[in-house]
Amino acid sequence: RKVRTTARLAQFFGAAESLIRIDRSIDVNRQFVLISQFYLAQANFEALTRGEDLKDNVNLRRFLSERLALPTLRLEQLVGFERMPAEVARQLKVRGDDPCFAMELRGYTVKDRPLYLQRILGEPFEGASLLIDVNM
């Protein structure tokens, strides 16, 4: 869906860029659920989908590389905790004022141009392992 460009997104993509957000829910070994918000330029989204619906199991980074010849050449990863956004709290069926796990992945392509920004959010968890395999 098309989203309003916030200051955080404008800092990464540029203020003039129209953006699309792809939302997904990720079940991690039935231990906890994470919400993924994948942002990319509307022009890239339209070229990527060519009017078709995206399947839930599509690896978006690989799809960008294969369909648009836009590989992820550099990845920045930020991990921390923040106040849970109300929209995410509704999706997870938890209180919105609780802290949440937050990971942000910023993907860059050729000539160090911003390609996508992915936010992964969820309840704080304990006793669980999270393995993140970033293959580029």
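Q: What percentage of the residues of the protein count as buried?

A: This is a predicted model, in which local features need pLDDT of at least 70 and side-chain atom pairs count only at pLDDT 80 or more, while totals for chains, interfaces and linings use all residues. Residues are numbered from 1 along each chain as its sequence is written, and side-chain values use heavy atoms, with hydrogens and water left out. A residue is called buried under 20% relative accessible area, exposed over 50% and partly exposed in between, with a 1.4 Å probe and protein chains only. Of the 136 residues of the protein, the share that counts as buried is 38%.

Q: Over how many bridges do β2 and β3 pair?

A: β2 and β3 form a hairpin with 3 residues between them, and Asn29 in the turn has a positive phi of about 50°. Val28 has Phe32 in β3 as its bridge partner, and Ile22 has Phe38 in β3 as its partner. The two strands pair in the antiparallel sense, and the number of bridges is 10.

Q: Is Gln37 buried or exposed?

A: Gln37 is found in strand β3, where 9 of the 10 residues are buried. β3 also pairs with β6 in the antiparallel sense over 7 bridges, and the bridge partner of Gln37 in β6 is Arg119. Leaving out residues up to four places away in sequence, Gln37 is in contact (heavy atoms within 4.5 Å) with several residues, including Arg21, Ile22, Val88 and Leu117. Its relative accessible area is 6%, so Gln37 is buried.

Q: On which side of α3 do the buried residues lie, the same side or opposite sides?

A: The buried residues of helix α3 (residues 60-68) are Leu60, Arg61, Phe63 and Leu64. The arc, taken from the directions from the helix axis to the C-beta atoms, is only 165° for these residues, which means that they are on the same side.

Q: Which elements are included in what covers the buried residues of α3?

A: The helix itself is followed by Ala69, whose phi is positive, near 55°. The cover over its buried residues includes one helix as well as strands, namely α2 (42-49), β2 (19-28), β3 (32-41) and β6 (114-122).

Q: With which residues is Asn44 in contact, leaving aside its neighbours within four places in sequence?

A: Asn44 has its place in helix α2. From C-alpha to C-alpha, Asn44 and Leu19 are 9.2 Å apart in space, although 25 residues separate them in sequence. With neighbours within four places left aside, the contacts of Asn44 are Leu68, Leu70 and Leu115.

Q: Is Lys93 buried or exposed?

A: Lys93 lies in the loop between α4 (86-92) and β5 (99-108). Its phi is near 60°, a positive value in a residue other than glycine. The relative accessibility of Lys93 is 76%, so it counts as exposed.

Q: What is the relative accessible area of Asp112?

A: Asp112 lies in the loop between β5 and β6, and its phi is near 60°, a positive value in a residue other than glycine. Asp112 is partly exposed, because its relative accessible area is 42%.

How values were computed
Helices (H or I, at least four residues) and strands (E, at least two) are DSSP runs, numbered from the N terminus. Two strands pair if DSSP finds at least two bridges between them.
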